[in-house]
Amino acid sequence: MSTEHNPADHSTETPVDDHSVFAERRAKLTELRTHGVAFPNDFHPTDKCAPLQEKYDAFTREELETMDVHVCVGGRMMLKREAGKKAAFATIQDASGKKADGRIQLYITLDKTGEAAMEAFRHYDLGDILGVEGVLFKTKTDELTIKVTQLRLLTKSLRPLPDKFHGLANQETKYRQRYVDLIMSEDTRRTFKARTAAMSSIRRFMEDNAFMEVETPMLHVIPGGAAAKPFITHHNALDMQMFLRIAPELYLKRLVVGGFERVFEVNRNFRNEGVSPRHNPEFTMMEFYAAYVDYKWLMDFTEQVIRKAAIDAHGTAVLTYQGRELDLSKPFERLTIVGAINKYAPNYTNEQLHDVDFLTKELLKFGVKPFATSGLGALQLALFEETAEAQLWNPTYIIDYPVEVSPLARASDAHPDITERFELFMTGREIANGFSELNDPEDQAARFKAQVEAKEAGDEEAMYYDADYIRALEYGMPPTGGCGIGIDRLMMLITDSPNIRDVILFPHLRRED
């Protein structure tokens, strides 16, 4: 019988020698191999733990006895407790629970399960994957249980699971060994099930509103569609430098030129930038584009997308994030950049906020050195980021971004120095970015040239000149609005997760060595 720690027994919480346990389990596997197939693949469960709990837990012991419900389940053994020489209990876990665990208790007995199976079970270890057949009943404590008639070992677990009551204590280990985290943590499983529910909601909502889901290239000859530093790679067969995409925007707008009037894509972007609780170099975005709409329509629609996703994944649009209420049920506030500074940093005068020299000196106090090419709008935006952005807890659209920092957005007809652009902030972080698209090819070409000049002046995140995109615009793109939603950051809010790594199954980390 295994000498490893049994988490069902509080009295034996002693340190485990993982090396000796691993050796012991390998010896058991070697013994299994001598008796035939060690990893059988002919067991096919017909039932799942959670649906069995939902369907039969309300019945009494007497009712279950008369019903004679035969079941067949498979799952990982998470608990094991022997009750003398003739009986034992175990709990197995499968993936069937929608929000809570998919678990059910097993009752293994000498008379019903058989002597050979009973003896084999004594050598099974926590983490082993079992195939079980039996009849449902309830114990004296009214716990729904399977009285086991057939028991098989399907997969031998060689590595011991972490202690049930402590789990993976090291947060980095949880990210690095997500497979173990998922086995042990119901909270982690719940987070990613909520993410899947939210993503399904988003896709349904887009399709219900006549958007077509598409896929565009991940390898770009020219990185475009955002101001970001790209990852660089090399295509051997074509002998050319390529970039992992920083955004799908320019390809999606090419599709609008081609006549697909409503398109969206959910996929990865890659940006060779810092790693933090809010940033991962590989992240998920949804971008969508619709012909014959403007940025005001986009704000209304984006609000609906986010609200519906929260309700479908969480059950309500009123969330709690890190102990504080986040209400997505009300109309989102809208403020200009200067309006937001006035509201959240009211110590500045209107004259100061429109004085380039003052703004430049003020930003230096925050450790921000503006580019020599930065104009008034860029300086105001930088001050907003330093003083007001972190205070935008409730959903807030910041609107009317300057042209110089919005190279793909349409300029306002009434105010040519600003664009019809917004960014959506919640809990002090950006969630979405959208605008009325610039569809004037000559204006776009001039904006690209300005970006090239900025890059030559030292701005690594400035855009490249994309001649093919200009050519596409020259065929004519209808008036269009487009928006990108940061899916990972949105999922942080929906699942009340403090770190972006908590909502990415396999986040990027430094090498273990």
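Modeller: Start with a rule: two strands pair if DSSP finds at least two bridges between them. Keep in mind that this is a predicted model.

Biologist: How do you know that β6 pairs with β10?

Modeller: Two bridges join β6 to strand β10 (residues 262-270). The rule asks for at least two bridges, so they count as paired. The two strands run parallel. Met-212 has Val-263 of β10 as its bridge partner.

Biologist: Which sheet does β6 belong to?

Modeller: An open one of eight strands, ordered β6-β10-β11-β18-β17-β16-β15-β14. Its pairing is mixed.

Biologist: What makes β6 and β14 edge strands?

Modeller: β6 (212-213) and β14 (333-336) each have a single partner strand, so one side of each has no neighbour in the sheet.

Biologist: What lies across this sheet?

Modeller: Helix α9 (residues 249-257) lies across β10, β11 (282-291), β17 (429-436) and β18 (480-486). The helix runs at about 25 degrees to β11.

Biologist: How do you know that β7 pairs with β9?

Modeller: The same test applies: at least two bridges are needed. Two bridges join β7 to strand β9 (residues 240-244), and these strands run antiparallel. Leu-219 stands opposite Leu-244 in β9. The open sheet here has three strands, in the order β7-β9-β8, with antiparallel pairing. β7 (219-220) and β8 (232-235) are at the edges, because each has a single partner strand.

Biologist: Which residues make the contact?

Modeller: From α8, Arg-195, Ala-198, Met-199 and Ile-202. From α17, Ile-487, Asp-488, Leu-490, Met-491 and Ile-494.

Biologist: How many of the residues between α8 and α17 are nonpolar, polar or charged?

Modeller: Seven are nonpolar, none is polar and two are charged. Arg and Asp count as charged, so Arg-195 and Asp-488 are the charged ones.

Biologist: What does UniProt place at residues 192-507?

Modeller: The unreviewed UniProt entry puts "domain: Aminoacyl-transfer RNA synthetases class-II family profile" there. The end C-alpha atoms of that span lie 13 Å apart. The span is 36% helix and 22% strand.

Technical notes. Residues are numbered from 1 along each chain as its sequence is written. This is a predicted model: local features need pLDDT of at least 70, side-chain atom pairs count only at pLDDT 80 or more; totals for chains, interfaces and linings use all residues. Side-chain values use heavy atoms; hydrogens and water are left out. UniProt positions are given in the numbering used here, feature names are shortened, and annotations may be inferred rather than shown by experiment. Helices (H or I, at least four residues) and strands (E, at least two) are DSSP runs, numbered from the N terminus. Contact means heavy atoms within 4.5 Å. Axes are lines fitted to C-alpha atoms, for helices over the stretch in contact, and angles run from 0 to 180 degrees between N-to-C directions.
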